[in-house]
Amino acid sequence: MTSGPRELLKDAGLRITAPRIAVLEWLAEHPHATADAVAEGVRARLGSVSTQAVYDVLNACARTGLLRRIEPAGHPARYETRTGDNHHHLVCRDCGRTVDVDCVHGAAPCLEPSDTAGFTVDEAEVLFWGLCPDCRGH
């Protein structure tokens, strides 16, 4: 059974507030949304909430691991509630649409660096780029 937003916030040591609950609920239904899209969605649910308040919630939740921030080059950051599994993303070069791609299995030579330069590697972030079906038709 998955925890609801209240339990997730409490377990992360964050205060339970209406904007935080609304952000987590909205992102669970709209993964890979930009901060502006989240702000618009949260305002539709709660009424007057500042964009800065939404940014603050996104940053606090990303910092504590409740959200994952994805930063595709040349596109606004996107947020999702799917955390804790090293999944990857496929991003449309034109519109920025982003979808989950489960972790690469089998031979994955780019996921292990040839030289760690003394680093302890704990994650590989992979973005696959292409054109989504809608943009491919243009």
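User: How far apart do the C-alpha centres of domain 1 and domain 2 lie?

Analyst: They lie 24 Å apart. Domain bounds come from an automatic or database domain assignment. Here domain 1 covers 5-70 and domain 2 covers 85-137. This is a predicted model: local features need pLDDT of at least 70, side-chain atom pairs count only at pLDDT 80 or more, and totals for chains, interfaces and linings use all residues. Residues are numbered from 1 along each chain as its sequence is written, and side-chain values use heavy atoms, without hydrogens and water.

User: How are two packed helices described?

Analyst: By the angle between their axes and the distance between the axes. Helices are DSSP runs of H or I, at least four residues; strands are runs of E, at least two; both are numbered from the N terminus. Axes are lines fitted to C-alpha atoms, for helices over the stretch in contact, and angles run from 0 to 180 degrees between N-to-C directions. The axes of α3 (residues 35-46) and α4 (residues 51-63) come within 9 Å and cross at roughly 115°. The two helices are therefore roughly perpendicular (65 to 115 degrees).

User: In which order do the 3 strands of the open sheet stand?

Analyst: The order is β5-β4-β6, with mixed pairing. Two strands pair if DSSP finds at least two bridges between them. β5 (98-101) and β6 (127-130) stand at the edges with a single partner strand each, so one side of each lacks a neighbour in the sheet. Neighbouring strands are turned by 25° against each other on average, direction ignored.

User: Over how many bridges do β4 and β6 pair?

Analyst: Strand β4 (residues 88-92) pairs with β6 over 4 bridges, in the parallel sense. Histidine 89 stands opposite leucine 127 in β6.

Note on methods. Angles under 35 degrees count as roughly parallel, over 145 as roughly antiparallel, 65 to 115 as roughly perpendicular and the rest as oblique.
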